[in-house]
Amino acid sequence: MTLTEMQGYAFFFLTVLLVVILYGYILHLYRSEKKGEMDYEKYGKMALDDELHNRPVELNPKVKNEEKEN
Amino acid sequence: MQSNAALEYDYSVAKLYMWTTVIFGIVGMTIGVLIASQLAFPELNYLFGEYGTFSRLRPMHTNVVIYGFTVSGIMVSFYYSAQRVLKVSLAELPLINLLAKIGFFAYLIAATFMVISLAMGITASKEYAQMEWPLDIAIVIYWVIWGVVMFGLIGARREKSLYISLWYYIACFLGVAMLYLFNNMEVPTYFLSGGLGAWYHSVSMYAGTNDALVQWWWGHNAVAFVFTVPIIAIIYYFLPKESGQAVYSYKLSLLSFWGLMFVYLWAGGHHLLWSTVPDWMQTMGSVFSVVLILPSWGSAINMLLTMKGEWNQLTENPLIKFMVLASTFYMLSTLEGPIQAVKSVNAIAHFTDWIPGHVHDGVLGWVAFMIFAAVMHASTRVFKREIYSKSLLEAQFWIQTTGVVLYFTSMWIAGITQGMMWRAVDEYGNLMYSFIDTVSVLHPYYTIRAIGGLLYLIGMLMFAYNFFMTATAGRKLEQEPQFRSPMA
Amino acid sequence: MFHWLEKNPFLFAVGVFIVIAFAGLIEILPSFTNAARPIKGLKPYTVLQLAGKEVYKKDNCIACHSQLIRPFKSETDRYGKYSLSGEYAYDRPFLWGSKRTGPDLHRVGNYRTPDWHANHMWNPKSVVPASIMPAYKHQFKNIADLETAYAEAVTVKKVFHTPYGNDIQPSKAAFEKYYKTTALPEALKIAKAMKNKDVLAMVQQGKIPEIVALIAYLERLK
């Protein structure tokens, strides 16, 4: 097998793989939202409520939060 | 992380980069207007002796605008908005904050030496990678510092998920790091020759066609990861924040991200159509350039739809004007690019003025407009002052829009005219025009382009004045505005 | 299934890197072994020509001139045979350019003389009345940096095995010898063909101005 052929096969299979992953991701996004597991649109709020005292959309559990949650 | 009633976001680094954005903007665009005028009026080549010729100044224009103005603007936006979407202040992380400041001064020094070395004609001669190896090393150090700051901030975040803007900043960091390193692989000649010649001189690791491949793999993706990816990061934060509307579809923004990441890197081959690189790479470059329309328009349409139901803001708020027109220009240039990447069109367009025309509707209309809007929006929060003048901002918008339109229309006509004249043959199959005929015919278009550029520069100066006055004399704000930036 | 991507910045960064490195891995790296073979009979640049290439880079001729003739009849009629990959095997960096404000130069050595170049650099309008190219008079005064060019030849010989002879050695003495016995006579030939008295006098005194090196390089482009 020549180098160019190997490049061709590598290109083809990796592209197929990445396309499958991308479409899997699309499916995942819409399905998990439909099932009610996730609400992706709430992340849009991260740009809007971005004061230090605003409550995070999802609190990072690694942060030891001594602050009073309100 | 102690809770502290007075804890605020720390904008000191963002503030520093704001000043360099303005200064490099003025310098870069002034040189741009000068070299545009030199093409119409060649006598202007002799203003500064051997340092003032078109050829010597042109890389200075591109480098100052890319690495000075644009990178500064990106850093303003990063140091302003990353803290906010992560809900962690730089003031809480003194070490990271110090590193960010060191980074700024490293940047300033590297940029100064870049200008000096380009003026002296010290160059590796690869487009947008002209700097010689000592400066390359400085840039790598700077970039690593930025990465440490970014991941340091992310590590201390209160928000569990990363906002889409941060996805784009991370991609910008990784993409530029990888491409820059590969493209700037060079061997310093001084050390290998036993100390002969200039110490800063180097020779590229790659030769001929390979060098071209790596260079345009870089050149094209410098556009991707400096002019597109971080600018999308800017618009995903500043447009929603300024308008008070959440991103139209967060899911679409995630999908466009992965689409853009995958497709963009393949499109580099379109700079080398009809050259000596293997045919399949050329075809691949062509095909992927066309596919690239999808993720690009995904982001742009997402931005425009964010304004749904709030279009009245377009008439009331000049910052929204800048950002909406920027997304429109983004759509225009991401459609124009793929058209030029089609092999038959490229045969006419390549080597002509249509290419600089394409670049400039992207950078003037999209990149710079977004940076203006972001800096202005941020300055009300950073300086806790009202924007000095709304009418000045409005005037700047219209003057610069006119400038951009003059610029790209004249270059479209010039490019296609020249491309057609180069290949025109008479009835016997002989070339109809000598080369100089195809240059002389461009004079009116070069003049129009210089006028367009001048208008844009005037707008830049208005912006600089407006920014300076906002920082020093704008009306003090009692409270940080939530969405719309207040302006007088 | 994909939540790790959205919550873990490290894995996310790795994912992005794989996706963006993918094109380079498949497209760029493998072909490196192939495209770098020189065509038959191609000689490496002489040191004088290399110094000329540095002048070409320094005054950034690449801003307006390409060195790539595309395979169209209109281009081969105008500039000569279309360019081949193997012709660039010793070009570090490549100088194809991306804009033709002026004509292509890949085969300019075939149809211009040193005399023409000298007049053109001194005052472009004297040979092309409508030219918008600036004059490069400083090239007639500045001395070409042959030592750096020699260092470049030494480096590419060592690192990339570019076929230079034994007169290219990493020492100051070897350079001085090369300068006297090889570079100066080569420069003298160009200077004589240029028909410029001042330049000729300079070369006869043992100094090589930038213009001579540049013309040596341009003459090589065939």
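Start by selecting B:Arg84, which is buried at a relative accessible area of 0% (buried means under 20% relative accessible area, exposed over 50%, partly exposed in between, with a 1.4 Å probe and protein chains only). You are looking at a predicted model, where local features need pLDDT of at least 70, side-chain atom pairs count only at pLDDT 80 or more, and totals for chains, interfaces and linings use all residues. Residues are numbered from 1 along each chain as written, chains are lettered from A and ligands numbered from 1 in written order, and side-chain values use heavy atoms, leaving out hydrogens and water.

B:Glu480 is partly exposed, at 32% relative accessibility.

Next, pick B:Arg58 and B:Glu127, whose side chains meet in a salt bridge at 3.3 Å, N to O. B:Arg58 sits in helix 2 (residues 54–86) of chain B, and B:Glu127 in the loop between helix 3 (94–119) and helix 4 (133–155), 69 residues apart; helices are DSSP runs (H or I, at least four residues), numbered from the N terminus. B:Glu127 is buried, at 8%.

Last stop: B:Glu50 and B:Arg56, a salt bridge of 2.9 Å between the closest N and O atoms. B:Glu50 is buried at 16% relative accessibility, and B:Arg56 is buried at 1%. To keep exploring, note that the whole structure holds 29 salt bridges over all chains.

Note on methods: A salt bridge is a side-chain nitrogen of Lys or Arg within 4 Å of a carboxyl oxygen of Asp or Glu. Helices (H or I, at least four residues) and strands (E, at least two) are DSSP runs, numbered from the N terminus.
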